[in-house]
Amino acid sequence: MPQSRPMPGEIYRHFKNKTYQIIAVATHSETREPYVVYQALYGDYMTYIRPYDMFISPVDKNKYPQVTQEYRFQYIGNHNVTEAQMAEDVVGAVPEEQVAIQEEPTEELTAGQTASSNEDTTVIEGVDPRFLAFLDADSFCDKYQIVTEMEDSMDDHLVNQMAASIDVIIEDGPLEERLMELKKCIRTRARFEAGRIR
């Protein structure tokens with residue numbers, strides 16, 4: 001099966017069995033090289049960037065002979081993929097504890113530096129079920145209701161994740177203000193959604 005072209009909202013599984021959502025495919029302003037911008041669907045929901053060609057590349061079978069997954073990142077669905085689907089092993093994916101060799105960082109480090117936040121070395125913590133409920137909501141009215149119900153337990157990471165999933169950016173600031181801005185954006189979308197002729 002040929003590798004698919006990454007698109008915003010799609011979910012991919014890394015060959016070390018971690019899931020990520022595509023945020024965008026970007027172009028370097030100087031070199032014009034394409035990059036994939038993607039966000040982890042576990043832990044702190046870190047956002048990463050990787051050269052496009054590397055993202056869609058096959059797994060290096062010399063370096064990782066035990067991996068049967070064909071590509072470094074394998075497409076597993078769009079933003080409506082369920083928690084159960086993300087929890088299932090993709091054929092050929094290998095749990096991280098079985099991958100003994102670590103990839104070299106893509107950037108050179110100066111003496112004394114260490115690679116800090118490489119997604120290949122982060123422990124899987126699962127996908128936040130609150131975010132999945134938000135993604136699975138059928139309408140923006142439903143999304144608004146979900147956010148309202150979980151207001152007391154929201155954090156900055158969840159606000160960022162929800163905002164990214166509806167293609168908005170919430171500026172940094174106090175959590176309460178950021179949450180109000182997210183709700184305002186969702187309310188606006190809900191009004192437009194309700195006004196459309198079906």
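**Loop between strand 2 and strand 3.** I started with Arg32, which sits in the loop between strand 2 and strand 3 (34-40); helices (H or I, at least four residues) and strands (E, at least two) are DSSP runs, numbered from the N terminus. Arg32 has a positive phi of about 65° although it is not a glycine. At 57% relative accessibility it counts as exposed; my cut-offs are under 20% relative accessible area for buried, over 50% for exposed and partly exposed in between (1.4 Å probe, protein chains only).

**Ground rules.** I am working on a predicted model, where local features need pLDDT of at least 70, side-chain atom pairs count only at pLDDT 80 or more, and totals for chains, interfaces and linings use all residues. Residues are numbered from 1 along each chain as its sequence is written, and side-chain values use heavy atoms, with hydrogens and water left out.

**Loop between strand 1 and strand 2.** I found Asn17 here, with phi near 75°, again positive in a residue other than glycine. Asn17 counts as buried, at 11% relative accessibility.

I traced five strands in an open sheet, in the order 4-3-2-1-5, with antiparallel pairing; two strands pair if DSSP finds at least two bridges between them. Strand 4 (47-51) and strand 5 (73-77) are the edges, each pairing on one side only. I then looked at strand 1 (residues 11-14) and strand 2 (residues 19-27), which three bridges join. Ile11 stands opposite Gln21 in strand 2.

**Gln161.** Is this residue buried or exposed? Gln161, in helix 5 (residues 156-165), is buried, with a relative accessible area of 0%. Leaving aside neighbours within four places in sequence, I listed its contacts (heavy atoms within 4.5 Å): Gln21, Gln39, Ala40, Leu41, Tyr45 and Phe131.

**Helix 4.** In residues 140-149 I noted Phe140, Lys143, Ile146 and Val147 as buried. They cover an arc of only 115° around the axis (taken from the directions from the helix axis to the C-beta atoms), which puts them on the same side of helix 4.

**Cores.** I took a nonpolar core as a set of buried Ala, Val, Leu, Ile, Met, Phe, Trp, Tyr and Cys residues joined through side-chain atoms within 4.5 Å. The largest has 23 residues, and Val147 and Met154 are among those with the most contacts inside it. Helix 3 (129-136), helix 4, helix 5 and helix 6 (175-195) each give two or more residues to this core, and helix 6 gives the most, with five. Apart from this core lies another, of eleven residues, including Tyr38, Tyr52, Phe55 and Phe73.
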